[in-house]
Amino acid sequence: MALRRNVIALFATAALGFAADTRVDPQTYLNDVKYLASDQLKGRATGTPELDKAAHFIAGKFKSFGLKPVAGSYFQTFEVTTGSHIGDKTAFAYTMPDGVHHALKLKDDFQVVGASASGSFDGPVVF
């Protein structure tokens, strides 16, 4: 019976410890969001010093929360497409099952993502 109480006490203490670690102070959270969205970080565009500043800020938060870095770092590299533009052949059209064809107008009916690659697609839409 004593072992059972000790195990229960251990789990209860651990649960309290984890609960204490998961509390988020609303004001601190708001301050962090305001900083990351501030004019000081100028939108955090890819490749800018402001993005690096935001990344280091977030890494510092991760460290303060006790999160462990992956492979020795809070930073991982990845490829990003930048500088893309809308081409002359950019189009979006579809045909309904009843055979009615619809061609959408760029900027009025659809918009492309500026960081997307080029390509085409022909196939059914699945919902």
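Two strands pair if DSSP finds at least two bridges between them, and in this predicted model strand 1 and strand 2 meet that condition, pairing in the antiparallel sense over 4 bridges.

**Figure 1. The strand pair and its hairpin.** Within the antiparallel pairing of strand 1 and strand 2, Tyr94 stands opposite His102, a residue of strand 2. The hairpin that these two strands make has 5 residues between the strands, and in this hairpin Gly99 takes a positive phi near 95°. Strand 2, which covers residues 101-104, is also where confidence is highest in the protein, at a mean pLDDT of 95.

**Figure 2. The whole chain and the confidence of the prediction.** The protein has 3 helices and 2 strands, and from the N terminus on these elements follow the order α-α-α-β-β. The mean pLDDT of the protein is 79, with 79% of the residues reaching 70 or more, while the lowest confidence belongs to helix 1 (residues 2-22), where the mean is 46. Where pLDDT is low, the predicted coordinates should not be read in detail. Of the 127 residues of the protein, 7% count as buried, and the accessible surface comes to about 11300 Å², of which carbon and sulfur atoms hold 61%. Among contacts between residues at least 6 apart in sequence, 20% join residues that are at least 24 apart.

**Figure 3. Arg44 in the loop between helix 2 and helix 3.** Arg44 is found in the loop that runs between helix 2 (26-36) and helix 3 (49-64), and the side chain of Arg44 reaches the backbone oxygen of Leu36 at 2.5 Å. When neighbours within four places in sequence are left aside, Arg44 is in contact with Leu36, Ala37, Glu50, Leu51 and Ala54. The C-alpha atoms of Arg44 and Ala55, which are 11 residues apart along the chain, are separated by 9.3 Å. Arg44 has a relative accessible area of 34% and is therefore partly exposed, a class that lies between the limits of 20% and 50%.

Figure 4. Glu50 has its place in helix 3, and, not counting residues up to four places away in sequence, Glu50 touches Gln40, Leu41, Lys42 and Arg44. With a relative accessible area of 16%, Glu50 is buried, because buried means under 20% relative accessible area. Lys42, one of the residues that Glu50 touches, lies in the loop between helix 2 and helix 3 and counts as exposed, at 62% relative accessibility.

**Figure 5. Two residues with a positive phi.** Most residues other than glycine have a negative phi, and most peptide bonds are trans. Lys42, although not a glycine, has a positive phi of about 50°, and this residue belongs to the loop between helix 2 and helix 3. Ala71, likewise a residue other than glycine, has a positive phi near 50° and lies in the loop between helix 3 and strand 1. The relative accessible area of Ala71 is 82%, so this residue is exposed.

**Figure 6. Aromatic pairs that involve helix 3.** A search of the whole structure finds 3 aromatic pairs. One of them is formed by Tyr35 and Phe57, a tilted pair with 4.8 Å from centre to centre and 50° between the planes. This pair links distant parts of the chain, with Tyr35 in helix 2 and Phe57 in helix 3, 22 residues apart. Phe57 counts as partly exposed, at 24% relative accessibility. Phe62 and Tyr74 form another tilted pair, with 6.2 Å from centre to centre and 50° between the planes. Phe62 lies in helix 3 and Tyr74 in the loop between helix 3 and strand 1 (92-95), so the pair ties together parts that are 12 residues apart in sequence.

How values were computed: Residues numbered from 1 in each chain as written. Predicted model: local features only at pLDDT ≥ 70, side-chain atom pairs only at ≥ 80, totals over all residues. Heavy atoms only, no water. Buried < 20%, exposed > 50% of the residue type's maximum accessible area, 1.4 Å probe, protein only. Contact = heavy atoms within 4.5 Å. Polar contact = N/O pair within 3.5 Å; in protein donor to acceptor, adjacent residues only side chain to side chain. pLDDT = per-residue confidence, 0-100. Phe/Tyr/Trp six-rings, centres within 6.5 Å; stacked < 30°, edge-to-face > 60°. Areas by Shrake-Rupley, 256 points an atom, 1.4 Å probe, with all protein chains shown as cover.
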